[in-house]
Amino acid sequence: MAIAGWAGRDQANVQHHIDELAAIGVKPPSSVPLFYRASAQLLTQAENVEMLGGDGSGEAEVCLVSDSAGRLWVTLASDHTDRKLEAVGVAESKQLCAKPVARQAWPLAAIREHWDALELASEIEENGQVVTYQQGTLAELLDIETLLAKLPAALKQGESLAPNTLLLCGTVPAIGGIRPSPRFSMTLTDPVLNRRLSHSYTVIELEVAQ
């Protein structure tokens with residue numbers, strides 16, 4: 001598994017995401033995009049996910065999966081990240097948290113021609129209300145060809161994603177700033193073929209022993 005950070009198409013939006021993370025103490029990246037490796041064992045489709053402490057937050061991402069035959073699929077995942085640890089080290093914070101992923105996927109070939117039209121969104125619970133947390137289209141992110149071209153050699157086979165590899169391809173900015181929530185819901189909508197992928201999970205907060 002790898003996570004593409006700072007993968008926005010519009011550099012102004014990339015800088016916005018860098019700035020919103022800098023506001024909570026996260027150092028800017030050495031390059032953009034930057035690919036963070038994380039253990040595939042972190043992937044989960046569970047509806048209840050245990051996380052250490054209450055400083056983590058979800059982040060909806062479109063997700064590219066290469067199966068054992070090298071066929072590419074598109075699904076939805078949350079780059080849940082410990083924001084307190086993120087201020088110490090981004091890679092370390094990503095490795096600490098489970099990565100919830102949807103149970104269904106679409107063949108990339110079926111959506112490649114209208115990739116930019118796909119809509120990525122998430123919701124959180126706040127003060128007892130469900131509020132929109134993220135909302136945008138994949139036109140805000142690097143297109144697949146550009147992203148694959150920038151992959152490090154360890155993640156590639158030829159010009160594509162290596163078999164048995166999952167890549168989180170980027171996200172859209174949080175509305176109102178990055179913040180935690182006990183529940184996170186995310187959707188990837190295809191308005192052209194009129195269908196939707198979705199996944200939700202509840203965070204079970206584990207006490208941090210001192």
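I counted a contact when heavy atoms lie within 4.5 Å, and I took buried as under 20% relative accessible area, exposed as over 50% and partly exposed as in between, with a 1.4 Å probe and protein chains only. Helices (H or I, at least four residues) and strands (E, at least two) are DSSP runs, numbered from the N terminus.

This is a predicted model, so I kept in mind that local features need pLDDT of at least 70 and side-chain atom pairs count only at pLDDT 80 or more, while totals for chains, interfaces and linings use all residues. Residues are numbered from 1 along each chain as its sequence is written, and side-chain values use heavy atoms, with hydrogens and water left out.

**Helix α1.** I find Val-14, His-17, Ile-18, Glu-20 and Leu-21 buried in α1. Looking down the axis of α1, I see these buried residues within an arc of 165° (taken from the directions from the helix axis to the C-beta atoms), so they line one face of the helix.

**Arg-83.** I looked up this residue next and found Arg-83 in helix α2. Is Arg-83 buried or exposed? Arg-83 is buried, with a relative accessible area of 9%. Its contacts, leaving out residues up to four places away in sequence, include Leu-21, Ile-24, Asp-55 and Glu-59.

**Open sheet.** I traced 6 strands in the order β2-β1-β15-β6-β7-β10, with mixed pairing. Two strands pair if DSSP finds at least two bridges between them. β2 (34-37) and β10 (106-107) are at the edges with a single partner strand each, so one side of each has no neighbour in the sheet. β7 (residues 72-78) runs antiparallel to β10 over 2 bridges, and there I noted Trp-73 opposite Pro-107.

**Hairpin.** β11 (residues 119-126) pairs with β12 (residues 129-137) in the antiparallel sense over 8 bridges. The two form a hairpin with 2 residues between them, and Asn-127 in the turn has a positive phi of about 55°. I also found β11 antiparallel to β16 (residues 183-190) over 6 bridges, with Glu-119 opposite Thr-189.

**Core.** Which residues touch the most other members of the largest nonpolar core? They are Leu-64, Leu-167 and Leu-188, out of 59 residues. Such a core is a set of buried Ala, Val, Leu, Ile, Met, Phe, Trp, Tyr and Cys residues joined through side-chain atoms within 4.5 Å.
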